[in-house]
Amino acid sequence: MNNYKYVGKKFIRQDSFDRVTGVTKFTADIKRHMLLYGKLVLSEKAHADISFDFDEALLVPGIYTILTYKDIPHIPYNCMEWFTGISAYHDEYILHDRARFVGDRIALVLGENKHAVEEAIKKIIVHYKELPVITNLDDAQKDTVIIKRDSNLAYEKKIGCGDFKKALDEADYIIEDSGSTPRTHHLAIEPHAALAEFDTFGNLVIHSPGQIVFAIQMHMARILQIPYSKIRVIKTNMGGSFGGKQQPLLELIAGAVAWIIKRPVLVYMDREQSIIGTFTRNPTKVKITTAIKKDGTILGRKVETLVDGGAYDTNNTSIINAYAKKLFRLYKIYNQEFHGKAFYTNGIPGGACRAYGGPQSHAVSEINITNAAKKIGMDPCEFRLKNLVDPYDDDPVGGPNLGKAGMKVFN
């Protein structure tokens, strides 16, 4: 270990002391003259048409106004478009006219202080006309209840290399496994927050702890239909993300509202809202069939995956594509098929989450690899080493060369 510069050594981050002692300031700490605080009203129903009674809430001292989709530019977008070259299905709005999952954003309360906002939210009456609900992939596939478009099938992809059927014919053993991965949340220490204001020249300035500032600028320009040059996004200190703050969310709400009312706006979430009203890792159901020889050589593999995309399109294309690619870049499997489908459900929309598709793609497949090794009485570690890719191996489905992938260590 002494030969390594970083491995096995202890280092203290330069900003650690300031962070743990409260010196570091985050988005929610920003103060501005005439600042309005905003907090979302999130749906308590998984699928429902909605109407409101704001009378009592508007009487709370310090409340500025309460907004619904009628008060905000009703231009659809897809938060997983992180640059202009991506084209995805647009089905999200700043605020929604129908609730499609528990946690869907249906109204925004604005007040002069947080106390007024919190009191007003308690007094809002939401009238729900409940609609049929899809909560799982089995029901989503039936299309008995369709959440949007013509089918609950949101995206489908097939990708492969070689001849899997031939691999099956030549195999000594065929190992099949099925499994699933759950919906998980990032649970960053910092709850979601964003602030929008104007500079001296009338440009919209958005303060964001998010991961992709130029995506915020792009979406905001499209929604408000103003030039990119009128929008500046400032990256603030981030109190954790792990992918959860990759998609623009509160930034677009704060920006749109500030643009409309011409006052600084800080939109914030508490812990519960940050969990139910943002994004999660997509749940999956997986079936894997692997063909092997007695000597431990993997001849071929087929992976069939169903993805719960949640109520909006957000992550369907991205997660399927990322999931698929990772299956072809770990082991020397020259005959492999992947078939992935993403479905709409009345669940929390999917989004980026640490390793983007890697945990879902490898959780069940690695169990399958271990079971293959056990089938021939081979040590699971030796089985993996035998089949691992080498440095500079080509991607069998045409992706970039693997480069110096230091997967194997030899004495």
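Trainee: Is Asn78 buried or exposed?

Mentor: Buried means under 20% relative accessible area, exposed over 50%, and partly exposed in between (1.4 Å probe, protein chains only). Asn78 has 0% relative accessibility, so Asn78 counts as buried. Note that this is a predicted model, where local features need pLDDT of at least 70, side-chain atom pairs count only at pLDDT 80 or more, and totals for chains, interfaces and linings use all residues. Residues are numbered from 1 along each chain as its sequence is written, and side-chain values use heavy atoms, with hydrogens and water left out.

Trainee: Which side chain does Asn78 join in a polar contact?

Mentor: A polar contact is a pair of N or O atoms within 3.5 Å; within protein, one must be able to donate a hydrogen and the other to accept it, and residues adjacent in sequence count only if both atoms are side-chain atoms. The side chain of Asn78 has such a contact, of 3.4 Å, with that of Asp313.

Trainee: How many salt bridges does the structure hold?

Mentor: A salt bridge is a side-chain nitrogen of Lys or Arg within 4 Å of a carboxyl oxygen of Asp or Glu. The structure holds 23. One of them pairs Asp91 with Lys148, at 3.3 Å from N to O. Asp91 and Lys148 lie 57 residues apart, and both are buried.

Trainee: What about Lys122 and Glu119?

Mentor: They form a salt bridge too, with the closest N and O atoms 3.3 Å apart. Lys122 is exposed, at 63% relative accessible area, and Glu119 is partly exposed, at 26%.

Notes:
Helix = DSSP H or I, 4+ residues; strand = E, 2+ residues; numbered from the N terminus.
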